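Trainee: I would like a close look at one part of this model, the charged pairs. Please take them one at a time.

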Amino acid sequence: MILNNLELVNFKKYTQKSFSFEEGLVGIIGKNGSGKSTIFEAILFALYGELKTKGSKDLIRNSSVSEKEAVSVSLEFEFDGLTYKVVREFRGKTLTANAKFYKNEELIASGAKEVTTSIVKLVKMSKDAFMHTLFASQKELTSLSNLKPEDRKKMIRKLLGLEKIDTVETMLIEKSRGLKREIDAFREVLLSSDEIVAKESAIKIHNENKTLINTNLIAKSKELETLKLKEIESKKELDLLQKTKEHKTKLLSELELIKNTLESNKLQHTKLSTELSELQQKQKELTALEPLKIEFEQLQVHLKEQQQLKEIQLKIDGLNKEQVQLKEQWKKAKNDIATLELEVKDYANLQLKQQQIKNDVDKLQTSIKELETGIKIISSSISGEQKLIDITKSQIVQIQDIGKGSNCPTCTRPLLEEYDKVIANLSSTIQSIQKEKIDKQTFELSKLETSKATLDKQKEELDKQLQELNKQLTIIETKQKDLIKANGYFKEIETKGKQNKKELEELSIYTYDEKFHKDMTQKEQTLKPKHDEYKKLQTLIQRVPVIQKELEEIKKAIEQNSTAFINKEVEIKAVIYDQTNHKTKLDEFVLLQKQKDELATIINDFKVQIASIDGEIKTLQAALDTNKEHQVKLATKQQDVSDYEKIKISLSEFKTKLNSKVAPRISGLASTMYSQITKGKYQHIEVDNDFDFYIYDEGQKFPIDRFSGGEVDLANLVLRIAISKTLGELSGAGNIGFLAFDEVFGSQDESRRMEILEAFHTIKEQYRQIFLISHEIEIKEMFQRVVEV
């Protein structure tokens with residue numbers, strides 16, 4: 001397997017980047033943080049869909065792009081003479097994964113998991129195996145010789161994947177211990193042979209007792225059935241007697257009810273007859289009062305007419321009184337209107353005068369603003385000239401302080417004999433500005449300020465006049481509103497007066513006699529008690545037809561109930577019921593029930609005994625069944641312990657066999673490369689089964705730390721390459737044609753870097769591609785091919 005091309009879109013540091021990889025020794029050069037290691041992270045991600053270290057998917061996307069932008073990694077590589085291409089993408093806010101895998105541009109797999117499965121099957125390596133086989137760092141190289149023996153052993157076992165066997169072995173030991181504890185626990189709860197025999201014997205005795213009780217239960221159950229049949233026959237006879245008794249009782253009750261109803265009807269008939277006689281007498285009294293009733297009703301009509309006339313007279317009196325008040329209000333309103341019209345007559349003249357003053361004020365305001373602008377301009381000019389005088393005075397003081405040897409403050413040349421002349425010129429400048437500009441402008445400023453003061457005074461006087469006029473106009477405007485209201489009120493009074501006059505003319509046709517009204521009222525009060533008596537009698541007389549009808553109905557009811565009473569007596573005599581016989585039959589039934597309950601109690605006791613025996617048998621049998629289950633489980637767990645022991649032995653033998661092959665293979669590969677790199681100086685590197693390293697010098701074995709730093713670096717390099725080759729052979733991936741080393745130069749000096757590079761040149765024929773990642777810019781000339789980032 002060799003790498004051809006890599007394309008990155010929005011992956012970590014890269015927004016859009018392509019890399020092409022050629023065969024041979026390739027240097028990937030760039031400063032720290034430039035993204036060198038990201039290239040191989042992307043390669044690993046393209047093949048297995050995971051980063052070197054697992055973490056949040058958010059770390060994959062470039063931080064400068066939005067969540068809508070997709071992340072894409074595309075890797076093209078060659079394997080067994082065929083060209084493959086894998087494309088992985090993450091899309092959307094949740095980074096949904098997708099992948100495609102091509103063989104000679106033909107799609108052979110799609111989907112993230114499916115593509116990973118296809119690549120593992122092709123290269124015959126998992127992600128961890130791929131990393132340990134093809135990628136190495138400076139830390140791994142130096143650790144080969146610097147770590148303590150135990151730590152170095154762990155590191156190499158991890159690289160070779162042997163720590164997984166250790167994990168399985170540890171798991172088997174823990175499983176065996178757990179099973180043994182469970183076996184001991186089962187042995188403690190198992191029944192002894194005596195306990196099993198005792199429980200089986202107890203079950204047999206219980207079954208015999210149960211059979212005996214069942215025999216008695218059947219016999220008693222037959223007796224109970226016989227009693228139940230007798231009870232049913234007795235119950236039928238009792239039910240018939242009870243129905244006869246209830247029927248006769250019902251007939252007697254009905255007879256008593258008819259008797260009571262008949263007596264009630266007779267009483268009611270007597271009462272209604274008496275009431276009818278009294279009402280007939282009242283009817284005669286009513287006839288005698290009929291003329292008085294007619295007179296009272298006619299009087300009521302006349303009183304109603306007099307009441308209406310009285311109300312009309314009261315209304316006339318009210319209208320006359322209101323007219324007097326309206327006349328007074330009319331006169332007052334007319335006087336108020338005349339007064340208000342006099343007070344508002346000058347309103348137009350005052351408005352005209354107000355407008356004239358406003359125009360004068362506006363003109364004065366414009367003139368004042370023009371004067372203020374002129375004052376501001378002259379004041380600013382005076383201030384500027386004064387500032388120039390202050391600067392010139394400052395220059396004079398400065399020159400005087402530094403003396404004749406100083407430089408001119410304007411031309412910077414030495415003053416010398418010009419000293420007095422410069423001071424005189426500067427003083428003359430101050431005087432000229434003061435006389436020609438400042439004094440003149442000050443005079444002009446004074447004139448403008450005087451003019452402004454005069455105009456301000458005039459404006460103030462006009463403002464006072466305007467204010468006074470505004471007050472007068474406001475008062476008049478208020479009076480104008482009052483005048484409008486007064487005119488409206490005056491019209492309302494006139495209208496109301498006319499309406500009242502018209503209404504009085506219409507009412508003048510009516511005449512009211514108070515004495516006549518009073519006499520009629522007194523007469524009405526005299527007749528009212530007799531009229532009330534008439535009304536009362538009239539109401540009572542209305543009951544005569546009702547009572548007559550009720551008497552007819554009562555008479556019919558008496559006849560019907562008399563007939564019903566005779567018929568009911570005949571029906572009662574026809575019913576035959578013997579109370580003594582009924583009591584005898586009831587006593588017999590009670591005795592049968594008692595005998596039945598006693599038998600039921602006995603049968604129930606038998607059933608309880610049988611249920612108790614069944615419970616005992618069930619408990620004993622459950623203990624025996626549980627014991628059998630425990631025996632089966634115990635046998636299973638004992639077999640599992642035996643199987644685990646066999647697997648542990650097999651794993652131990654496998655580890656021993658693997659170590660016997662791995663260590664010599666690493667030694668052989670490392671020795672060949674080390675001899676080639678050192679040009680025959682050192683013939684052999686030995687790796688023992690504990691992964692301690694030794695170098696043979698002139699046929700004698702020495703520990704690796706006995707040699708110089710450069711020799712140790714080269715030894716570490718060939719050992720790491722030998723481990724990678726062995727890993728590839730163990731995994732069955734013998735066709736991996738590249739290696740990658742990350743910062744293998746570390747902080748080494750120039751000479752040791754050269755030795756390592758020469759070593760890589762020596763062994764490069766064994767791999768089609770060797771990638772060296774480094775931040776050392778100055779070594780890029782030492783490579784056949786360079787990828788700069």
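Trainee: With which residue does Arg91 form a salt bridge, and how far apart are the closest N and O atoms?

Mentor: Arg91 forms a salt bridge with Glu89, and their closest N and O atoms are 3.3 Å apart. A salt bridge here is a side-chain nitrogen of Lys or Arg within 4 Å of a carboxyl oxygen of Asp or Glu. This is a predicted model, in which local features need pLDDT of at least 70 and side-chain atom pairs count only at pLDDT 80 or more, while totals for chains, interfaces and linings use all residues. Residues are numbered from 1 along each chain as its sequence is written, and side-chain values use heavy atoms, with hydrogens and water left out.

Arg91 counts as partly exposed because its relative accessibility is 47%. Glu89 is also assigned to that class, at 22%. (Buried means under 20% relative accessible area, exposed over 50%, and partly exposed in between, with a 1.4 Å probe and protein chains only.)

The structure holds 28 salt bridges. Another of them joins Glu182 to Lys637, with 2.5 Å between the closest N and O atoms. Glu182 belongs to helix 6 (residues 163-189) and Lys637 to helix 13, so this pair ties together parts 455 residues apart in sequence. Helices are DSSP runs of H or I with at least four residues, numbered from the N terminus. Glu182 is partly exposed at 35% relative accessibility, whereas Lys637 is buried at 19%.

Lys528 forms a salt bridge with Asp532, the closest N and O atoms being 3.2 Å apart. The two residues are four apart in helix 11 (residues 514-541), so about one helical turn separates Lys528 from Asp532. Lys528 is partly exposed, with a relative accessible area of 37%, and Asp532 is partly exposed, at 38%. Elsewhere, salt bridges that share partners join Glu23, Glu78 and Arg768 into one network.

Helix 13, which holds Lys637, also packs against another helix. The axes of helix 7 (residues 193-288) and helix 13 (residues 579-677) come within 7 Å and cross at roughly 160 degrees. Axes are lines fitted to C-alpha atoms, for helices over the stretch in contact, and angles run from 0 to 180 degrees between N-to-C directions. Helix 7 and helix 13 are therefore roughly antiparallel, a label for angles over 145 degrees.

Notes:
Parallel < 35°, antiparallel > 145°, perpendicular 65-115°, else oblique.
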